[in-house]
Amino acid sequence: MTAGQAAPSIGPRGLGTGLAAAVRSRPVAAHLTLMGALAFSAGTHAGLVPQHLDESPYLGVAFIGAALATTAVAIALALDPGSTWPPRAAALLFAGQIVAYFLFTESITDPTGVITKLVEGAGLAVALLMRPTPELAEQRRAYAPAYVLLVAFAILVAMQASGHHH
């Protein structure tokens, strides 16, 4: 640190400002992080559909809806990475899924649920802080291998959540 620089803030406001700066200074990393959070959430919800359908048809349908909605937002983010609406939609989905978990889950200490909510919480933060750039739209074809890997990841997560193993 030189004489003219201010010391970084350590308080909550400094943390939020630092996190926002980190997310915005790395739009590709933020984009891929959000894609990963969406893939993880979609895969987990898809994998838990059979178990929740057995428990309650309404709960099963809610998990199908969560998996489909999260997948649709991930596809929109992949197809139009320079647009602002997919990250906002992701933020709404994640917020809704987190609230629903705490309102409707009997055992909020379930490891799969807790991990999924942590990933969704991180995705929510990134979605709220990121600012899509024209460069993301211009470079979207370069992300094709990452998207293919994320789809494979979502399928593996779904298989793991459902109890099926490779």
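In the predicted model, helices α2 and α4 cross in a left-handed sense. Helix α2 spans residues 27-47 and helix α4 residues 57-79, and their axes come within 8 Å at a crossing angle of roughly 155 degrees. Because angles over 145 degrees count as roughly antiparallel, α2 and α4 are therefore roughly antiparallel to each other. On the α2 side, the contact is formed by His31, Leu34, Met35, Leu38, Ser41, Ala42, His45 and Ala46. The α4 side contributes Phe63, Ala66, Ala67, Thr70, Thr71, Val73, Ala74, Leu77 and Ala78. By class, the residues of this contact comprise 12 nonpolar, five polar and no charged.

Helix α4 itself consists of 23 residues and extends 33 Å from its first C-alpha to its last, close to the 33 Å expected at 1.5 Å a residue. Its buried residues are Gly60, Phe63, Ala66, Ala67, Thr70, Val73, Ala74, Ala76, Leu77 and Ala78. In an α-helix, residues three or four places apart point the same way, because there are 3.6 residues a turn.

Helix α2 also packs against helix α6 (residues 111-129), at an angle of about 150 degrees and with the axes 9 Å apart. This angle makes α2 roughly antiparallel to α6, and the crossing of these helices is left-handed. In α2, the residues involved are Ala30, Thr33, Leu34, Ala37, Phe40, Ser41, Thr44 and His45. They meet Thr112, Ile115, Thr116, Lys117, Val119, Glu120, Gly123, Val126 and Ala127 of α6. The contact of α2 with α6 contains eight nonpolar, seven polar and two charged residues.

Methods:
Residues numbered from 1 in each chain as written. Predicted model: local features only at pLDDT ≥ 70, side-chain atom pairs only at ≥ 80, totals over all residues. Heavy atoms only, no water. Axes fitted to C-alpha atoms, helices over the stretch in contact; angles between N-to-C directions. Helix = DSSP H or I, 4+ residues; strand = E, 2+ residues; numbered from the N terminus. Parallel < 35°, antiparallel > 145°, perpendicular 65-115°, else oblique. Left-handed = near helix turned anticlockwise from the far one by under 90°. Contact = heavy atoms within 4.5 Å. Nonpolar A, V, L, I, M, F, W, Y, C, P; charged D, E, K, R; others polar. Expected span 1.5 Å × (residues − 1). Buried < 20%, exposed > 50% of the residue type's maximum accessible area, 1.4 Å probe, protein only.
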